[in-house]
Amino acid sequence: MKKIEAIIKPFKLDEVKNALTKIGVQGMTVTEIKGFGRQKGHTEVYRGAEYKIDFLPKVKIELITPDEMVPQVIETIERSSKTGKIGDGKIFISPVEEVIRIRTGERGRDAI
Amino acid sequence: MECWVYQVLRKTITPSFRHFILPWILAVYQSDERIELHHLSELGITKDGLKDIKNQLGQAVPIHSSPREFLRQHSDMADGLVRMAFRKAQSQAPSPSVCLMAVGGYGRAELAPHSDIDLLLLHSSSKKEDLPPLVEKILYPLWDLGLDVSCSSRSINECMQMARSDLYIKTSLIDGRYLDGEYEFFRNLYGLFTRKVLHRKTQNFAAALAKELHLRGQKYEDPAYTLEPNIKEGKGGLRDFQIGRWVIRAKYKTDRWDSILFPDHSRMLDKSLEFLWTLRNQLHLLSGRRQDDLTFEMQEKIAPILGLRPGTEGIEEMMRQYHLSTQRISNFAQDILDRVLHEPSPLKKTFHFLQRRRIDDQFGMARGEIHLLDPVAFKKDPPQLMALFEYCQTYKSKMDFRTEEAVMEAFPFIDDIFRNSEKVNQAFLSILRNGKAVDTILRKMHELGFLSRYIPEFLDVEGKVHYDLYHVHPVDIHSLLAVEELVKLKEGLYQRDYPLLTSLIREIEKPENLFLAVLLHDIGKGMDGDHSFAGGEMVKRIGDRMGLSVEDNELIESLVSHHLLMVETALRRDLHDEQVILRFANEVKNLNRLKMLYLLTFADIKAVGPEAWTSWKNTLLTELFLKASHFFEKGAVALPLLKGEKMLRTLERSLSPEIFSAYSEHLPDRYLSCYSSNEIAHHIEMARSIEKELLLVGWKIKKDIQAKVTVCTKDRYGLFSKLTGSMFLNRLNILEAQIHTWGNGIVLDTFWVEDATKNIERRLEQFKKDLEEILGAKVSLRDLLSKRKESNGIKQKVIPRVPGEVKINNHDSDFYTIVEVIGEDRLGILYEVSQALTDHGCDIHFARISTLGNRIVDVFYVQDEWGEKIEEKQKGDRLKQILLNHLVTKISL
């Protein structure tokens, strides 16, 4: 099992979510986050006053998936979240040791 | 065994219920022999049996229409069991003389299916050591039945002492009721208690209860409790009602709480109370325990039991009634507390008497409260009602409770004439315009029921809830909270957190329009279909009635019908796409409206619940606001957009719906304003086949030497310089060009080219072939250029009579760096300039190339390879220098 974390542009959330649902992803965790990478913040000016935007708003999607689904999930996220411009985000993949569904106590793949 | 259960129950239970319960009791009794003895309690009834009785009771008594009848009968039944236990205990243990009392909710004979049974054993202080065994004997059989019984034993003196020091004991004693034993003890205690404790220091008592109310309010403030409220302890719950009732009991020495209220008011309150009891009974019966939390699960189960429609609709209706009920109860408790707490001492009364003053013929002011001087003022002149609220604002005062009652009594005078009265409406708008404490005034109007009389449309959203996790408050409360957020903003409370919004609310013209829009933004929630647009329509009628000017009315309607536009654009659209911002700005129309919409969006989201407004959302909204405001400040919204919009409408008529919907959103306004509808239709035709092909080139030759060339392909980095390079390669001189990139990454370029040798057809063919090979990466442009240098070498003499000029502009667009190049025309100049831009990391999105005599004037809208503007000064300066060099360098191929 792998955990896939994707940082994407906020307006791409619906598209990514729909694309993932279509390939059979059952659930995911979505968080509103802020941060910066190569795309730095900027300063906006309104009537002489400066409003600094240090951290840019992004959305983080997290999901756990069986190993064999990983390539498809990644491909789907890449395709649906890409604008080709700076700030499209990143995908991180990491191994997951165990998953437990609290209600039933199921473990492993059944609990995903 | 003697069936004394039967005997006791026969005496205590009302006839209507008896026929239900008796057969059961008999059944238990008759089956006595077969059931093992230890399953039977000493009271001749089993735990499960009691559960059954309760459930049967729940079915026997019409629990929805008369929930309190159920409570009473249930309490009667408990009385029977408790008395039975008491007498049996007395007969078994050495019994001092005692009195058994019911206290708390059980004392009021309000016993929900799984409520606590609180008992008090009053004794004469002499024989204390005999008490514990007696208490045990009473409690054990009751506990065995699974009843939640507690019993304290105190002497009269102890009771008095504790009632003085402990609020909880004091309030539980208020509702004390005699059950069995020495009646004299009970009478003594009550005589002393009412005289020496209850009717003394009533103001302190009220203050202590107010504190308790406040602390409990804090605990249940969490939005989770608004969604899944606690019927007993939550805001406006049953306990709040008791607080009001106790204070009335202490202060006015009556248990008829309704006697001090206006009849309509007490009737409504009674209904509210009844509704909460219905819910609580159901909660206990369904969960089988003392559960007072109306959880989502329970909401789903109870709504159908109450006969409401299945599904979400029924749940929402139930919760609407719940919210209306708790609002009434909460207001009742608060009002009673206010009355008692703010009653001045006799000394102060004299002082206030001297301070009294008249406001006008109808109203006066005393001890900081506005009161009615002329009792029939509202009858004589109903518009005085609105004047009263205006005075509350002007004098920063509340009205006293008698005046509040007079307002409620005057409701029959609030009719269409009132609602259309100019005097009334002007006073209302003036309250909104003034802005000070608008939230408090509107809340009072709402609390008294005045607001929904004045704006009847508001009635439909009162208590209205959404069955979801996001909307914490019912619509009416949400709307009032939204107004409160605006007031906070205006008063500068958010200066540190939201400086931009704070400055905006001070800038806007006619703030009354904004307040009205915020108050009414969700008014369409009761209607079918899109609530924004339904609300817009309703607001238009309300505005008409209030006599708003046509512009103001149109403004408010548009704010209400578009109140989700800004948040949807900010959260769901690419704010780096100029087109998105332009369309948004076009819909908003002007800067003042943009400011209002931003403020409305803030107030709306902030009032949804504490979790809803995040700095994350704010960042996106700020960005959208600033970008759109720049368009307005530059006046850049109207022209290209108007043309673009018009063109879209034309296209909609001429294209098939599928094609139109597939392409319309991708066409930039700048593009739409440059071409005719036929040309655009032709371009779309090309774009549809580009999915399969690499490149499409078409041309029309004019006067043998000139041609208009249309190129369609998919965008890629450096495309423009490859295009111009291929033209240069074929000696095609570019006179003019329009470079457009559609939102879906399709490029449509038009060139006007010239070839003085009249070989234009052949050259264009070759150009197309070259470009295909270059784009297909079969050859590189560089190789081709160096190859043909030898064969086609023409020396060109260049004398720069037009001085070169390069401007790099980062101010005029939030999205692109605009590079303006002016210089002397020559073959290949455009290729050089565009290649230089590409080499420098610039992506060309839009370009306008023109040749005036021998002067070229080229404008490029560029971004760096990451889609950002080129803002670094060093980078800009270097670019400028390189371009300038190209403008003056002689080229010798």
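This is a short walk through a two-chain model, from the overall make-up of chain B to its contact with chain A.

First, the ground rules. The model is predicted, so to speak of a local feature we need pLDDT of at least 70, and side-chain atom pairs count only at pLDDT 80 or more, while totals for chains, interfaces and linings use all residues. Residues are numbered from 1 along each chain as its sequence is written, and chains are lettered from A and ligands numbered from 1 in the order in which they are written.

Start with chain B. It has 41 helices and 16 strands. Those are DSSP runs numbered from the N terminus: H or I of at least four residues for helices, E of at least two for strands. Of the 893 residues in chain B, 41% are buried. Buried means 20 or more other C-beta atoms within 10 Å of the residue's own; exposed means 12 or fewer; partly exposed is in between; C-beta atoms are placed from the backbone. Now contacts, meaning C-beta atoms, placed from the backbone, within 7 Å. Among contacts in chain B between residues at least 6 apart in sequence, 71% join residues at least 24 apart.

Next, the cores. A nonpolar core is a set of buried Ala, Val, Leu, Ile, Met, Phe, Trp, Tyr and Cys residues joined through C-beta atoms within 7 Å. The largest has 85 residues, and Val518(B) and Leu599(B) have the most contacts inside it. Leaving out residues up to four places away in sequence, Leu599(B) touches Leu486(B), Leu501(B), Leu504(B), Ile505(B) and Leu514(B). Another core lies apart from it, with 74 residues, including Val247(B) and Met318(B).

α25 of chain B covers residues 499–507, and its buried residues are Leu501(B), Leu504(B) and Ile505(B). Down the axis, they fall within an arc of 95°, so they line one face of the helix. That arc is taken from the directions from the helix axis to the C-beta atoms. They pack against α24 (475–490) and α31 (591–606) of chain B. The face turned away carries the exposed residues Arg506(B) and Glu507(B).

Now α27 of chain B, residues 531–546. It has 16 residues and reaches 22 Å from first C-alpha to last, close to the 22 Å expected at 1.5 Å a residue. The expected span is 1.5 Å times one less than the number of residues. Its buried residues include His531(B), Gly535(B), Val539(B) and Met546(B). They pack against α21 (422–434), α26 (511–520) and α28 (550–561) of chain B. Then comes Gly547(B), with a positive phi near 75°.

On to strands. Two strands pair if DSSP finds at least two bridges between them. Strands β9 (695–702) and β10 (706–714) of chain B run antiparallel, joined by 8 bridges. Val697(B) stands opposite Val711(B). The two form a hairpin with 3 residues between them, and Lys703(B) in the turn has a positive phi of about 50°. Elsewhere, an open sheet of 4 strands runs β5-β6-β7-β8 in chain B, with mixed pairing. β5 (357–358) and β8 (398–399) are its edges.

Last, the interface. How many residues of chain A are in contact with chain B? 15, facing 17 residues of chain B. β2 (29–35), β3 (42–46) and β4 (49–53) of chain A each supply at least two residues of that side.
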